[in-house]
Amino acid sequence: MPLALTVNGEVRLSNAGPMTPLLDILREEFQLTGAKPVCREGFCGACMVLRDGRPILSCLTPAGLVEGSDICTIEGLSPGGTLTPLQDALESHDAVQCGMCFPGMVITLTHALRRTHDLTDAEVRQALVGNICRCTGYERIVAAALAIAAAHGPEAARDG
Ligand code: FES
Ligand code: FES
């Protein structure tokens, strides 16, 4: 019996076993390569996706556990390649360097902005505690998130 996974609004079937990490199915079967396999041990956050609106680590999540859930990947936030206001702000603040951490950063910040659109500096930093960036000092990421929260409110975190 294949796994039926709802990803970015579509039901997709996978013949992988239920203990297969969701990350592997997303990347290798569904060609959704936005979520990144960086540490694969739950430390870095680069593999984050939304499950029913909440960030999860797809490297540690058995796919069988998320049957019946709505999974949203970074690709699902920007259908047709239209960046969200948050993604635009990260780009315009030059917050992105190698980019490996950014799918997870965007997933985390999208969730945080949906919960509280007038995020404070401390709340942004707290939200990002599970997202490791080896390139930046985080300052531009935080500045971009605060700028977009102030400018757009809940629209900052819209799905595409
Ligand atoms: S790849 Fe999943 S937490 Fe690092
Ligand atoms: S931009 Fe390189 S790891 Fe974050």
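**Close-up 1. The two domains of the predicted protein chain.** The domain assignment divides the protein chain of this predicted model into domain 1 (3-77) and domain 2 (80-157), the bounds being those of an automatic or database domain assignment. Taken over C-alpha atoms, the centres of domain 1 and domain 2 lie 21 Å apart. Residues are numbered from 1 along each chain as its sequence is written, while chains are lettered from A and ligands numbered from 1 in the order in which they are written. Local features need pLDDT of at least 70 and side-chain atom pairs count only at pLDDT 80 or more, whereas totals for chains, interfaces and linings use all residues, and side-chain values use heavy atoms, with hydrogens and water left out.

**Close-up 2. The interface between domain 1 and domain 2.** Contact, meaning heavy atoms within 4.5 Å, involves 18 residues of domain 1 and 15 residues of domain 2. The buried area, which is the accessible area (1.4 Å probe) that two parts lose on being put together, summed over both, is about 1300 Å² between these domains, and carbon and sulfur atoms give 68% of it. In domain 1, the residues that lose the most area to domain 2 are M48, I74 and L77, which together account for 41% of what that side buries.

Close-up 3. Strands, like helices, are DSSP runs numbered from the N terminus (E, at least two residues, for strands; H or I, at least four, for helices), and two strands pair if DSSP finds at least two bridges between them. Strand β1 (residues 3-7) and strand β2 (residues 10-14) run antiparallel and are joined by five bridges, with V7 standing opposite E10 in β2. Two residues lie between the strands of this hairpin, in which N8 takes a positive phi near 55 degrees.

**Close-up 4. The salt bridge of D24 and R40.** Three salt bridges are found in a search of the whole structure. In the one formed by D24 and R40, the closest N and O atoms are 2.8 Å apart. This pair links distant parts of the chain, since D24 belongs to helix α1 (residues 22-29) and R40 to the loop between α1 and β3, 16 residues apart.

**Close-up 5. The hairpin of β3 and β4.** The antiparallel strands β3 and β4 are joined by four bridges, and L50 stands opposite P55 in β4. This hairpin has two residues between the strands, and D52 takes a positive phi near 50 degrees.

Methods: Salt bridge = Lys/Arg side-chain N within 4 Å of Asp/Glu carboxyl O.
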